[in-house]
Amino acid sequence: MLRNTKTGYGRVAILFHWVMALMIAGMLAFGLYMTSLPSDDPELFTLYQLHKSIGFVVLALAVLRLTWRLANPSPRLPDGMHPLERLGAHLGHIGLYALLFAMPLTGWLMASASPWGIPTIVFNVLPVPHLPVPDVLGTQAEAESFFKLLHAYGAYLLIALIVVHVAAAFKHHLIARDDTLKRMVSTAPARADN
């Protein structure tokens, strides 16, 4: 089953979920590692270029995932969920999707605003133009600092949302004992009423 049904996720949604989960976790760890290095580390330039390249892959996958999500609505939430839990689930997913876009975009804007003017070439193959940076943000250095701050706080917010998301999945699996986690691991058989 490729498409989502009312009771389960299809293979495409599951693949998007787990590929992006691994990429995002890797990028967060990679970003924390890079920012812990001294500014004169000889590998820093190469690491930042790799981080930017993977960031563009994440952005492209986020666009594809959102497009797929809009064409394939998610399965229903489990019966019996408290209205506040339902609201939390919806807001959590909105926050995760927003950050899937905000993180690569703030990184791109940070690189675009940098006074160094270093070009971004995805995996040393595909040149990516800089984005226009609003003059209201001040000098290039000031704009770069602004986007750097947004990118850093976005990373910490994303980590917090991921922790809550994982905790909620385990709560559903271990305490509520419903199929919320199971349906993101394997596809449910298609039913005639879907």
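What share of the 194 residues of the protein chain counts as buried? The answer is 36%. This is a predicted model.

## Overall layout

The protein chain has four helices and two strands. Along the sequence they follow the pattern α-α-α-β-β-α. The C-alpha atoms fill a box of roughly 60 × 35 × 30 Å, taken along the principal axes.

His 173 and Pro 132 are 41 residues apart in sequence. In space, they are 46 Å apart, C-alpha to C-alpha. His 173 belongs to helix α4. With 27% relative accessibility, His 173 counts as partly exposed.

## The nonpolar core

In soluble globular proteins, nonpolar side chains tend to be buried together. Here, the largest nonpolar core has 20 residues. Which of them touch the most other members? They are Met 20, Ile 24, Leu 100 and Leu 158.

α1 (11–36), α2, α3 and α4 each supply at least two residues. The largest share, seven residues, comes from α1.

## Aromatic pairs

A pair of aromatic rings is described by the distance of the centres and the angle of the planes. This structure holds two such pairs. In one, the rings of Phe 56 and Trp 108 have centres 5.0 Å apart. Their planes meet at 75°, so the pair is edge-to-face, since that label needs an angle over 60 degrees. The pair links distant parts of the chain. Phe 56 lies in helix α2 (residues 44–71), Trp 108 lies in helix α3 (residues 83–113), and 52 residues separate them. Both Phe 56 and Trp 108 are buried.

Phe 146 and Phe 147 form the other pair, which is also edge-to-face. The distance is 5.3 Å centre to centre, with 65° between the planes. Are these two residues buried or exposed? Phe 146 has 37% relative accessibility and counts as partly exposed. Phe 147 has 6% relative accessibility, so Phe 147 counts as buried, the cut-off being under 20%.

## A charge over a ring

The charged end of Arg 3 sits over the ring of Trp 68. The distance to the ring centre is 5.9 Å.

## A nonpolar patch on the surface

Some nonpolar residues lie on the surface. Leu 32, Leu 149, Tyr 153 and Tyr 156 form a nonpolar patch there. Together they have about 450 Å² of accessible area.

Which helix gives the largest share of the patch? Helix α4 (residues 140–176) does, with three residues. Tyr 156 is in helix α4.

## Two positive phi angles

Most residues other than glycine have a negative phi. Phe 123 is not a glycine, yet its phi is positive, about 50°. Where is Phe 123? Phe 123 sits in the loop between β1 (120–122) and β2 (126–128). Its relative accessibility is 43%, so Phe 123 counts as partly exposed.

Arg 177 also has a positive phi, near 55°. Arg 177 is found in the segment after α4. At 67% relative accessibility, Arg 177 counts as exposed, because exposed means over 50%.

Key
Residues are numbered from 1 along each chain as its sequence is written. This is a predicted model: local features need pLDDT of at least 70, side-chain atom pairs count only at pLDDT 80 or more; totals for chains, interfaces and linings use all residues. Side-chain values use heavy atoms; hydrogens and water are left out. Patches are made of residues with over 30% relative accessible area and no salt bridge: like charges are joined within 9 Å, nonpolar side chains (Val, Leu, Ile, Met, Phe, Trp, Tyr) within 5 Å. Accessible areas come from the Shrake-Rupley method with a 1.4 Å probe; for residues, only the protein chains shown count as cover. A salt bridge is a side-chain nitrogen of Lys or Arg within 4 Å of a carboxyl oxygen of Asp or Glu. Rings of Phe, Tyr and Trp (its six-membered ring) pair if their centres lie within 6.5 Å; planes under 30 degrees apart count as stacked, over 60 as edge-to-face and the rest as tilted. Buried means under 20% relative accessible area, exposed over 50%, partly exposed in between (1.4 Å probe, protein chains only). A charge sits over a ring if NZ of Lys or CZ of Arg is within 6 Å of the ring centre and within 35 degrees of the ring normal. A nonpolar core is a set of buried Ala, Val, Leu, Ile, Met, Phe, Trp, Tyr and Cys residues joined through side-chain atoms within 4.5 Å.
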